[in-house]
Amino acid sequence: MMQWTYFCIGLFYQLQCTFSMEIDTFGLPSVTTKFEEKHYVVPDRTINFNLTCEATGDPTPSITWLKNGQSFIDTLRAHVTSIGVLVFTEAVSSTYGTYQCKATNAKGASISPEISINRALLGNFPQTPEVNTVSEDRNQYLALPCTDRPTCEPKSSCRFEWKRRGGEGVAPEERILVDNEGTLHILYLDQSDDNETYTCGVWNSQFRSHVRSQQTTKLKIRFDGSRNTYPPALVFSKNVTGKATQQARLQCVFSGHPLPDIAWLDTNGDTIEESDVYSFHDNRHTLVISSLSADHEGMYTCNGLQTASNARAEGNVYLNVTGPPIFETGAMVDQVLTVGSDAQYSCLSRSLPNEIVPDPPVWYQDAQEITVFGPEEKFSRNGTVLTVNRLEKNDTSCIQCAVGNSEGRSFRETRLVVIDPITILEGLPEFVEVTPNTSVGIRVTAITDPRLSLTYEWSFLDNEVWTGLPTGVAISDDQQNATFTPSPSNVQEIIGIYRVVIRHAFDSVILHTNITTTFSSTTQTAATNTTEATPTTTSASTTTTSASTTTSASTTTTSASTTTTSASTTTSAKMMPAKPPVGNQEEEPSSSVPVAAIVVIVIACIFVSGLIIAVIWYRQKKQNKLTIDQPPVKFENTKDA
């Protein structure tokens, strides 16, 4: 049971350490700029495109850049400024590639995730002019596909634009919309469409340019014999793939006259309402889902209902959410460890549902790939876990890992700080004997890394529980001196086992001492009785001449003296506390733990576990912020002077 007590207390101290010190104190560099994963630039044009990298560290780190894993070399069209800004003045074939910012100081090197610079594209339609004429009944549905569409990148900068005769743009309206494939849907034709012409085009905002098809469609509307009503029909829907954290556009295009009302159901069959995540466009034919996650993947249902006729049409769109590997909670956290210990880092990740599993991680130290592994080497690995063996001070560094799948690569960095363990300069004696009305002092002194502060926490073992100090024990302001000043009335309350926990945020040492005494209230009482018996014997010897009487009195006195000695010996044996625990784990008292103590311990464990779960959730919520996951406090690592 005592082990569980120490486990819960250790968890509590670990939680405290999470907030007690920022690892930035140790000066390791860290790239703080969050870059977009992809950038697109227009080729063969003068541009003013910069990548600014910021980093922290002490001393201030220098900024350099890598291209495709190699040191970037300045050119006429791209260079790095004195403050580390990567400047592009013109986009040519050599511009495109993968870049990383590197921040270096005397303590290590931090590197950013990969940033890809790609070529923006905007092709052309076939240049053969062509005019097609289409005849349809009034109120009928008509689709005009955008054929021979040119290449356009990035997709986020491209959109389809249809124009009427004279170059007027076709704006979305209740009965007209353009789907994700560029097809123009006229949900029902009316008189205004007669003799109208439509031409497809593509706009790329990167180029600030529009290309237009040479194919034109002219409409002829038939009015004789046309119907006034058409039931709702699903004329377009297509499964969609979207990247995690980005947005997806789901479309169900319903024709009909009059137009049906459209409703969407999520993957659980619940009706979707407008929110921060869901929004409707194109008269609810288009559902936009923002900030995609794995929870959004699944089959969505769309319904088109004509209120007057109660006619209904239904469709389904499957949303597949993809993305690079996602790091599991607790992967790659900063650590501060002592010399001689081992550091372990987990690069555990997973792919989204229906994606291939991530590749094995690639490991780096200070931006240099680690290629040699083995139990006798500095680095060893087991699956997704890297172990840095037998730490030394010069192992302080930045550790990085990269994992990939079919949808991309993910990168994470952590920092390793190696410090000297707490060193005891002046420890506690194994035993200290005290007597009433006499002060006895003991002192403990330790040193550690100068960037850290030590605390000294004293406690007393009372009924198998470490508690506060009893009356008669004083601790100095610096917590390094303990003074014991017992009185005859409380000396028995003071004797026992004491400990001092010497700790900082990342290490701890526990020392013990035994406070004993030979004084007891029984000894004092017996001594008083002996003093009172002595005059009686003397008087008997003076007034009585009988040898036998004197001998008898003497015998009585001896007996009393013997009895006193025996009592004193017995009391002394009872008041001698047990020897303090030795080794890494304190010896548990033999008596059973009270039921109340067990209940308190269980409640404390539940409370501390809840706090830790809250911290993990908070870290997950704030991904952009580096936090410190300290190693468990070595709470039972007892070191005697």
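In this report a residue is called buried when its relative accessible area is under 20%, exposed when that area is over 50%, and partly exposed in between, with a 1.4 Å probe and protein chains only. The model is predicted: local features need pLDDT of at least 70, side-chain atom pairs count only at pLDDT 80 or more, and totals for chains, interfaces and linings use all residues. Residues are numbered from 1 along each chain as its sequence is written, and side-chain values use heavy atoms, without hydrogens and water.

The protein contains five helices and 48 strands (DSSP runs, H or I of at least four residues for helices and E of at least two for strands, numbered from the N terminus). Of its 641 residues, 43% count as buried.

Five disulfides are found in a search of the whole structure, a disulfide being a pair of cysteine sulfur atoms within 2.5 Å. Among them are these:

| Disulfide | S to S | Torsion about S-S |
|---|---|---|
| Cys-53 to Cys-101 | 1.8 Å | about -80° |
| Cys-146 to Cys-200 | 1.8 Å | -80° |
| Cys-347 to Cys-401 | 2.1 Å | 80° |

The link of Cys-347 and Cys-401 is right-handed. Both Cys-347 and Cys-401 are buried. Cys-347 lies in the loop between β31 (343–346) and β32 (349–350) and Cys-401 in strand β37 (residues 397–405), so the pair ties together parts 54 residues apart in sequence.

The disulfide of Cys-146 and Cys-200 is left-handed. Here Cys-146 occupies the loop between β14 (142–144) and β15 (152–153), while Cys-200 belongs to strand β19 (residues 197–204). Cys-146 and Cys-200 are both buried.
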